[in-house]
Amino acid sequence: MDDDRIERLLKGYSLPAVSPDLDQRVLSEGAAILGRARTRAMVEEVGRSLLQGLGFGYLAWAFDLVTTTDADYRVEFI
Amino acid sequence: MREGVGTSYGCSRTSGRPVPRDTELIAGMIRGESGAFADLYQKYRARLHQYALSLIRSRLEAEDVVHDVFIGLAKQASGGRMPRELSAYLYVSVRNRCVDRMRRKPELPLDDVDLDVIVAPPGDEERIELRRLLNRALLALPAEQAEVVVLRTWHDLEFAAIAGMQRTSVNTALSRYQYGLAKLRKELGVHGR
């Protein structure tokens, strides 16, 4: 048997089945994680709109500025 | 408009329509769409599961590894972060987790290992007959050779990608593949094939 023949033979096999239990575990936990993230994003959006409506839009702007700017730590030798 | 849970990507509904590209699925996951996550899982689960099985040689542990990798990915997406090269990230994550688990437990003797890394298609008498022999021969290969044979044969990964995962040269990955095939061939030859 040459290399080509054994490669063809091997490629004809398929992958073993994944258990439905694993599918269920991964999909339900994953959906819950993404669902919580979506809810959090929606609450943030509502809070932002509310602040904007009440005339405190600068608070949301300041919050974004703080959370999206990388902190810069420095050690100065005297 | 945001899409809700299972609105368009249901795992069981993927047949009969093209699966979106990784970049689209990643974007969907970052938007919190569980359907995108289901599609991504559906796309990679069988391959990653077989890869984990071939490395760790335990059905339960392989399932745990696949579970942890996908849940880790969902957590990253929920924080708005995702890997740039998704396929490479998934394979490397599975490999690292398997290696980590293998360090913590003694290797089982081959006689105690009972699992199928490959499955013969129904009706294919030749492959059905050789399945047990090939499964055993695959598991008996040195780990790095078995890994290259599995990734090259059933996952269509390039030798360069496999070499990157094994942190070796392309030539070494190629040699491992050839040595692995030669041993499988020899094993079949011994049994009169």
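Me: Before anything else, where do the domain bounds come from here?
Reply: Domain bounds come from an automatic or database domain assignment. For chain B, that assignment gives domain 1 (1–112) and domain 2 (122–193).

Me: How many residues does each domain bring to the contact?
Reply: Domain 1 of chain B gives 11 residues and domain 2 of chain B gives 10 residues. Two residues are in contact if their C-beta atoms, placed from the backbone, lie within 7 Å.

Me: Which elements supply the domain 1 side?
Reply: Those giving two or more residues are α2 (34–56) and α4 (86–104) of chain B. The largest share, five residues, comes from α2(B). By type, that side has six nonpolar, two polar and three charged residues. Ala, Val, Leu, Ile, Met, Phe, Trp, Tyr, Cys and Pro count as nonpolar, Asp, Glu, Lys and Arg as charged, and the others, Gly among them, as polar.

Me: What kind of model is it, and how are things numbered?
Reply: This is a predicted model: local features need pLDDT of at least 70, side-chain atom pairs count only at pLDDT 80 or more, and totals for chains, interfaces and linings use all residues. Residues are numbered from 1 along each chain as its sequence is written, while chains are lettered from A and ligands numbered from 1 in the order in which they are written.

Me: What is the mean pLDDT of chain B?
Reply: The mean is 85, and 85% of the residues of chain B reach 70 or more. pLDDT is the predictor's confidence in each residue, from 0 to 100.

Me: Where does pLDDT stay under 50 in chain B?
Reply: Over residues 1–14 of chain B. The model has 27 contacts beyond four places in sequence for that stretch.

Me: And what scores does the complex get?
Reply: The predictor gives an ipTM of 0.79 and a pTM of 0.79.

Me: Why is helix α6 of chain B largely enclosed?
Reply: Nine of the 11 residues of α6 (residues 143–153) of chain B are buried, so the rest of the structure largely encloses it. Among those buried are Glu147(B) and Arg152(B).

Me: Which residues touch the most other members of the largest nonpolar core?
Reply: Ala52(B) and Val94(B), out of 57 residues. The largest share of this core, 12 residues, comes from α2(B). The core draws at least three residues from each of domain 1 and domain 2 of chain B. A nonpolar core is a set of buried Ala, Val, Leu, Ile, Met, Phe, Trp, Tyr and Cys residues joined through C-beta atoms within 7 Å.

Me: What does Ala52(B) touch?
Reply: Not counting residues up to four places away in sequence, Ala52(B) touches Ala62(B), Val65(B), Val66(B), Val94(B) and Cys98(B).

Me: Last topic: how many residues do chains A and B put into their contact?
Reply: Chain A gives 27 residues and chain B gives 41 residues. On the chain A side, the largest share, 14 residues, comes from α2(A).

How values were computed: Helices (H or I, at least four residues) and strands (E, at least two) are DSSP runs, numbered from the N terminus. A residue is buried if 20 or more other C-beta atoms lie within 10 Å of its own, exposed if 12 or fewer, and partly exposed in between; C-beta atoms are placed from the backbone.
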